[in-house]
Structures are given as structure tokens and as C-alpha cells.
Amino acid sequence: MIKFSIDLLKRQEIDLTGEEPPTFLNDANSEILSFHDSIKYTLHISLKESGILVGGSVSTKVNALCGRCLKPLKLTIANNNLCFFVNTTESLDCDISEQIRTELLICLPMNFLCKNDCLGLCPQCGVDRNQTACNCANSFEDTPNPWTELDNL
Ligand SMILES: [Zn+2]
Ligand SMILES: [Zn+2]
């Protein structure tokens, strides 16, 4: 849980540095991605007229599968430009876990690739085309397109 004392904030700005266990992101686990590394954060919290301003950075590593060849991969995701306001009615501690979680997860890429030019798996024989060249590619392109057949009618 990432939280700070409202009472302290009223007296001074707060620098908050720490780590959360991978379970912090459990809800985000899926078939293609999971978290096994701690979540590191460095936050600066200050009281402004319009509310409580939280800035800083948060990062972790994500284990995922390449979207083309299914190879496991691990990459760092980070939000180094955290900046959001908190409105709280709490008088003791303000918990910003949920906001930090969201700010980190928006940094997940739409697609995971082991490398930009990953060739993926052959849709016919299933070999990893990064490692093995199969002979399917040509015959695949030679397959008559059913729409062409229709056009000929
Ligand atoms: Zn790949
Ligand atoms: Zn093949």
C-alpha cells in the first residue's frame, strides 16, 4: 500500500521512495502477462490550493509472451512523468495505491514483441520462423484466394 500522512503533508512536502511486492499488480495478470518483480516508486507530494499534487516516477518489469512467436520475454515499464491530483476526505492517511497502479499500467505496450522484426510462428506448420525456415511460406501464398474465385463467377 502506498500512502502518506495528511497531517505531515500539512506541515511539509513529502518525498516518498519505496517498493511494493509484485502482488501489487495481481489484478493485471493475464494469460500473456504477469508481474514477478517489485514495483519501485519515487514520489514527491505537495499541497496546492487545488488539492494534493503527486509527482514522480514508478517502474517495474513485466513478464510477457511475444505476440508473434510466443517466446517469453521480460521488459521494463516505467512512468517517469507521474502527475496527478488527489482529492481525499481522509484526515489521517491518504492511500494512493490505486492511482499509482493505474499510472503504471497505462505504460504497458499494446503488443509485446521479442524484437521488432520478429517473424513469428508459421501459421501452417507452427515452426518458429526466427529459427527455422520452413517451405510453407510459398505454398501459403499460392493458395487460391476464395474471393478471387467469386470474382470470376
Ligand atoms: Zn517473437
Ligand atoms: Zn511452415
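Predicted model: local features only at pLDDT ≥ 70, side-chain atom pairs only at ≥ 80, totals over all residues.
I then looked up which protein atoms are the donors, and found the SG atoms of Cys122, Cys125, Cys134 and Cys136, lying 2.3 to 2.4 Å from the ion. Donors here are N, O and S atoms within 2.8 Å of the metal (3.2 Å for Na, K and Ca), and water is not among the atoms, so sites may look incomplete. Along the sequence I read the spacing of these donor residues as C-x2-C-x8-C-x1-C. Cys122 lies in the loop between α2 (97–105) and α3 (136–142) while Cys136 is in helix α3, so the pair ties together parts that are 14 residues apart in sequence.

I also checked the cover over these two: Cys122 is buried at a relative accessible area of 5%, and Cys136 is buried at 16%. Buried means under 20% relative accessible area, exposed over 50% and partly exposed in between, with a 1.4 Å probe and protein chains only.

**How I read the model.** Residues are numbered from 1 along each chain as its sequence is written, and chains are lettered from A and ligands numbered from 1 in the order in which they are written. Local features need pLDDT of at least 70 and side-chain atom pairs count only at pLDDT 80 or more, while totals for chains, interfaces and linings use all residues; side-chain values use heavy atoms, with hydrogens and water left out.

**Overall layout.** I noted 4 helices and 7 strands, running β-α-β-β-β-β-β-β-α-α-α from the N terminus on; these are DSSP runs (helices H or I, at least four residues; strands E, at least two). Of the 153 residues, 32% count as buried.

**Glu103.** I next turned to helix α2, where Glu103 is found. Glu103 is buried yet has no salt bridge, and the nearest side chain of opposite charge, Arg101, is 13 Å away; a salt bridge would need a side-chain nitrogen of Lys or Arg within 4 Å of a carboxyl oxygen of Asp or Glu. Leaving aside neighbours within four places in sequence, I found Glu103 in contact (heavy atoms within 4.5 Å) with Asn79, Leu82 and Phe84.

**Ser46.** Last, I looked at strand β4 (residues 39–48), which holds Ser46. Ser46 counts as buried because its relative accessibility is 3%, and, with neighbours within four places in sequence set aside, Ser46 is in contact with Leu9, Glu13, Gly51, Ile52 and Leu53.

Methods
Lys, Arg positive; Asp, Glu negative; His and termini not counted.
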